[in-house]
Every structure is written in C-alpha cells, then in structure tokens.
Amino acid sequence: MPARLSPPTGLVQAGLTDNDTTAGGTARLCEQVTFSRGLRYGESEANVLDVATSATKADTPRPVLLFVAGDTFTGDRAAPELSRQIQDQAMCFAARNDMIGVRVNYRLAPSATWPAGASDVAAALSWVHGNIDLFNGDAREIVAVGYGAGAFHVATLLAHPELQTDGADVAGVVLVSGIYRVGKEASDSEKAYLGTDPTQYDNRSVFPGILNVDVPIVLAWAADDSSGLVAQGETLKKTLCGAGHCPRSTLLRSREGIASAFGLDGSGESLAEPTLLLVRQLEARGLP
C-alpha cells in the first residue's frame with residue numbers, strides 16, 4: 001500500500017476564468033469546491049490523482065466518487081487542458097452533492113499495455129483507502145466511475161481477482177460506454193493496449209469474471225454512441241441479468257464528455273440520478 005499522505009496543505013481553490021464556455025461552466029460548478037492536485041499514488045509519473053472537496057464542513061465522513069476516464073486506451077481526443085476542465089466538472093458534481101471527488105490519471109498505451117490500466121486503478125484505490133479520511137471521505141463508500149477506456153479498466157479489475165490488491169475494493173460501480181470484450185476487428189487504440197494477437201482478447205476481457213462481482217453496478221451508454229459501443233453495453237447487461245445480477249441501466253441523451261454524461265450541460269437524461277441513488281443506498285446500509 002502507498003505511504004500514508006500527510007494532512008493536505010497547499011490546496012488550490014477552483015476559479016477558472018470565463019474565457020470559453022467550458023471554463024465558465026467549470027468556474028460556476030466549482031464554486032466553493034477545493035482541489036488538491038497531483039497526489040502521487042504509484043511509481044510512474046502518470047500515477048497521480050486529484051481530490052475535490054466541498055468547502056462546507058460535514059459532521060460525518062462523505063462517500064467517494066472515483067473517476068477513471070479516457071476516450072481511448074491511448075488518451076483523450078480533446079486537448080489535455082480541455083479534458084481536465086471537463087473532468088473537473090464531474091468532480092465538482094461530486095463535491096456539490098456531499099461527496100468527495102477523486103480523478104485518477106493512469107498510464108496509457110502503447111507504452112503501458114494490458115493489464116496496466118487495471119493495476120493503476122487498484123493502486124489508486126489502495127491510496128484512497130489509506131488516505132481519504134484526511135479529506136473526510138469514507139473508504140467504505142467508494143463508487144468507481146469508469147468512462148470510455150476507464151470503464152474497461154474498472155471492469156477488468158473487478159473481473160480479474162489476480163489483479164486485485166489489499167484495500168482496492170469498492171462499494172459500487174458505474175460503467176459508461178465501455179468496451180468489455182474486444183473482437184478480431186479491434187481498433188488501433190485497442191490493439192495498442194491489448195496487443196495484436198486476437199487469441200489473447202478473450203482472456204483479457206471482463207468475461208466471465210464480471211459475473212462474480214457482488215457489488216451494485218450501474219451501466220450506461222449514449223444514444224449517439226456507435227452501434228458497437230451500444231452492443232457492448234447491451235451484451236454486458238443481458239449477461240449480468242442472466243447471472244442473477246441485473247444492473248440498473250441508463251440511456252444517455254448525449255456523451256460529449258464525462259461532464260455531459262452527468263447532465264452538467266443540461267442535456268437531459270444522465271447519470272446524475274442513478275449515481276446519486278446508488279450512493280444514498282450505500283449510505284443507508286450503515287443506518288440503524
């Protein structure tokens with residue numbers, strides 16, 4: 001497990017300028033939200049995470065939304081600064097709803113190949129379990145939100161016990177527009193992470209291990225996702241339901257980025273309601 005973090009100092013108050021719509025939206029959403037940036041959880045320079053907390057004090061520890069996002073296995077399509085602003089909005093959604101937001105940066109293909117992404121998620125979760133109390137977070141109530149390639153990494157960790165480490169467990173999972181089993185017609189990004197040998201793809205998929213996961217799962221994909229992505233989500237849902245572990249599912253109206261997936265752009269059907277419902281259900285477990 002990573003070394004225990006010192007109590008947080010040098011926190012950065014969010015306050016982006018209104019130079020464009022995204023920055024302006026982030027500034028508004030992130031009012032009264034404080035970020036602690038670039039906290040190292042592993043040996044690679046890419047192994048850093050950010051923590052977002054509300055300025056409002058809470059009497060009890062808060063649930064944690066841990067975001068693992070990425071358009072592809074080789075990185076986001078948007079410029080790094082724009083991607084961070086979009087992800088900041090999702091973190092601020094967590095903080096403004098009485099949770100702690102954590103964004104995980106992880107190693108990318110082609111320099112990091114399977115199962116590096118899932119291993120990084122495990123290390124980040126271990127860090128959260130060991131340190132989130134310093135931010136008044138509750139390590140018993142971590143919901144991992146995997147988006148795009150991040151959904152594959154989160155699902156892979158759950159599906160492959162050999163990749164799991166002490167203190168890397170979660171209380172719930174939200175998987176958004178992920179690839180869960182790659183076929184022979186793999187994209188260049190998928191080949192960069194999973195390799196070029198198709199005979200290895202089934203072993204590196206989330207099946208059948210995902211069927212043994214006993215935490216609640218929320219599945220989502222968007223109406224404007226490719227037919228392949230929609231099929232991936234529908235197949236995972238059908239398979240889980242057949243195994244007696246039917247997930248809650250949501251069809252998103254749009255998915256321009258993780259902030260859009262949570263409806264922070266006013267796009268309508270979103271992950272906000274099912275995610276908040278999941279978190280409240282987890283909180284209720286500890287009530288008398």
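My entries below start with the helix and then turn to the cysteines.

**Entry: helix α2.** I kept in mind that this is a predicted model.

**Entry: cover on α2.** Is this helix mostly covered or mostly open? I found that 12 of the 17 residues in α2 are buried, so I call α2 mostly covered, with buried meaning under 20% relative accessible area. Among the buried ones are Ser83, Gln85, Asp88, Met91 and Phe93. Just past the end of α2, I noted aspartate 98 with a positive phi of about 65 degrees.

**Entry: disulfides.** How many disulfides does a search of the whole structure find? I got two. In sequence order of the bonded cysteines, the pairing reads 1-2, 3-4.

**Entry: cysteine 30 and cysteine 92.** The sulfur atoms of this pair sit 2.0 Å apart. Cysteine 30 is in the loop between α1 (21-29) and β2 (33-40), while cysteine 92 belongs to helix α2, so the bond ties together parts 62 residues apart in sequence. Cysteine 30 and cysteine 92 are both buried. I read 105 degrees about their S-S bond, a right-handed link.

**Entry: cysteine 241 and cysteine 246.** Here the S to S distance is 1.8 Å. The link is right-handed, with 60 degrees about the S-S bond. I found cysteine 241 partly exposed at 28% relative accessible area, and cysteine 246 partly exposed at 49%.

Conventions
Residues numbered from 1 in each chain as written. Predicted model: local features only at pLDDT ≥ 70, side-chain atom pairs only at ≥ 80, totals over all residues. Heavy atoms only, no water. Buried < 20%, exposed > 50% of the residue type's maximum accessible area, 1.4 Å probe, protein only. Helix = DSSP H or I, 4+ residues; strand = E, 2+ residues; numbered from the N terminus. Disulfide = S-S within 2.5 Å.
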